[in-house]
Amino acid sequence: MSLKIAVLSTSRIVAEVMREVGAWPEVDVAAIICRPQSADKGRAWAEEYNVPALYTDEDAAYAAGGFEAVYIGTANHLHYAAAKKALLAGYHVLLEKPFTATAAEARELFALADARGLVLMEAITIPYLPQYAFLQAELPKLGPVRGAMASFCARSARYDDYLNGIWNTTFDPACLGGALNDMNVYNLHLLCGLLGTPDRAEYRPSCGPNGIDTAGLALLDYGGFTAAALAAKDSDGRNGLVLQGPGGYLVVEGGTNALPVVYSVLGGVRGGGTRTDGPAPARHRMAYEFAEFARIIAQKDTAAEAAARMRTMQVMNLLDVLHQ
């Protein structure tokens, strides 16, 4: 039986979910919740995707019900308040990244979810992808890790507006915009998931006219080696991951939000070795996180819920350090 959800916002990430969710049997969109000024878009979505209910007021939507959970894809600075309202109304929550502005906000929301007996999970693609499981399985074969470099860069469609003095949430510090809170969150989840929490970390941003980090490099010090995470919203780049040790290396080719191509090269020196390819994506990258969210709720899998929470807090604590 599908988990009935409401989607909150008509943002671009929610638009992508709406285009794809019809192919995900684990969830069923029962309502769209949006701002009054976005009502026309919401109404068009409801008609196109056969969603039975549209609301322009969260309180009214939560009072009416007809769904068990809320997927929140609002602008970054609205995540905390939106998640708190949904939890207080008695709904499970799948909350887009970056989870909250601070680790303290995240801890507060998790405590509220516990008090209400609800599942609260970050909508982060990486941990639920089969390609990620391949990387985890291959990692020990490298021997001691000696270095890692992750990159996720894409010139934003809104960057020209920003250069012309038109600020929007993507490049507004007050809205928690910028490369670290957007693109680099994926790099951090990937690196921390594979390598654990670094001993020390620092962020070296490249800032635009209003001080927002249009690009930036996070350096994660693991004692015996350093991992680097590059993200940019002002320029394109060759995206992926290389993680290496004396026994070989792991490669991701493509966006670190999707891990489209993964493989290992083991046992060689100076360009040799045996390549083993990981699985190809079988579903849309976000299908897996929604499926796991629905499964955790249906099966009351507290162990999986705790593991997801640990991953979120690991990255939120790291973001606190990098934002200093």
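## A buried loop residue

N257 lies in the loop between β12 (248–253) and β13 (261–266). The model described here is predicted. What is N257 in contact with, leaving aside its neighbours within four places in sequence? The list is T125, L129, F152, Y186 and R285.

## The six-stranded sheet

An open sheet of six strands runs in the order β3-β2-β1-β4-β5-β6. The pairing is parallel. Which strands stand at the edges? They are β3 (53–55) and β6 (120–123). Each has a single partner strand, so one side of each is left without a neighbour in the sheet. From one strand to the next, the twist averages 30 degrees.

Helix α9 (residues 287–299) lies across β1, β2 (27–33), β4, β5 and β6. Relative to β5, α9 runs at about 160 degrees.

Strand β4 covers residues 69–72. Both of its faces are covered. A69 and Y71 are on one side, V70 and I72 on the other, and all are buried.

β4 pairs with β1 and with β5. Four bridges join β4 to strand β1 (residues 3–8), and the two run parallel. Here L8 stands opposite I72. The pairing of β4 with strand β5 (residues 92–96) is also parallel, over four bridges. A69 faces H92 of β5 in that pairing, standing opposite it. Further along the sheet, β5 pairs with β6 in the parallel sense, again over four bridges. The bridge partner of V93 in β6 is L120.

## Loops that follow the strands

S9 is found in the loop between β1 and α1 (12–20). Is S9 buried or exposed? Its relative accessible area is 13%, so S9 is buried. The phi of S9 is near 110 degrees, a positive value in a residue other than glycine. Most residues other than glycine have a negative phi.

T74 sits in the loop between β4 and α4 (79–88). T74 counts as buried because its relative accessibility is 14%. Beyond its neighbours within four places in sequence, T74 is in contact with L8, S9 and H79. L8 is the residue that stands opposite I72 of β4, and S9 is the buried residue with positive phi.

P98 is found in the loop between β5 and α5. A cis peptide bond joins K97 to P98, with omega at about -10 degrees. Most peptide bonds are trans.

N50 is in the loop between α2 (39–48) and β3. Its phi is near 55 degrees, which is positive for a residue other than glycine. At 67% relative accessibility, N50 counts as exposed.

## Helix α10 against α5

Two packed helices are described by the angle between their axes and the distance between the axes. Helix α5 (residues 103–116) packs with α10 at an angle of about 155 degrees. Their axes are 8 Å apart. That angle makes α5 roughly antiparallel to α10.

From α5, the contact is made by A103, A106, R107, F110 and D114. From α10, it is made by R309, T312, M313, M316, N317 and D320. By class, these residues divide into five nonpolar, two polar and four charged.

## Helix α10 against α8

Helix α8 (residues 183–195) and helix α10 (residues 302–322) have axes that come within 10 Å. They cross at roughly 120 degrees. The two helices are therefore oblique to each other. The crossing is right-handed.

Which residues make the contact? On α8 they are V185, L188, H189, C192 and G193. On α10 they are R311, T312, Q314, V315, L318, L319 and L322. The contact has seven nonpolar, four polar and one charged residues. T312 of α10 is in this contact and also in the contact with α5.

## A304 in α10

A304 lies in helix α10. With a relative accessible area of 15%, A304 is buried. A304 touches E292, R295 and I296, not counting residues up to four places away in sequence.

How far apart are A304 and G237 in sequence and in space? They are 67 residues apart in sequence. C-alpha to C-alpha, they are 34 Å apart in space.

Definitions and conventions:
Residues are numbered from 1 along each chain as its sequence is written. This is a predicted model: local features need pLDDT of at least 70, side-chain atom pairs count only at pLDDT 80 or more; totals for chains, interfaces and linings use all residues. Side-chain values use heavy atoms; hydrogens and water are left out. Axes are lines fitted to C-alpha atoms, for helices over the stretch in contact, and angles run from 0 to 180 degrees between N-to-C directions. Angles under 35 degrees count as roughly parallel, over 145 as roughly antiparallel, 65 to 115 as roughly perpendicular and the rest as oblique. A crossing is left-handed if the near helix is turned anticlockwise from the far one by less than a right angle, and right-handed if clockwise. Contact means heavy atoms within 4.5 Å. Ala, Val, Leu, Ile, Met, Phe, Trp, Tyr, Cys and Pro count as nonpolar, Asp, Glu, Lys and Arg as charged, and the others, Gly among them, as polar. Buried means under 20% relative accessible area, exposed over 50%, partly exposed in between (1.4 Å probe, protein chains only). Two strands pair if DSSP finds at least two bridges between them.
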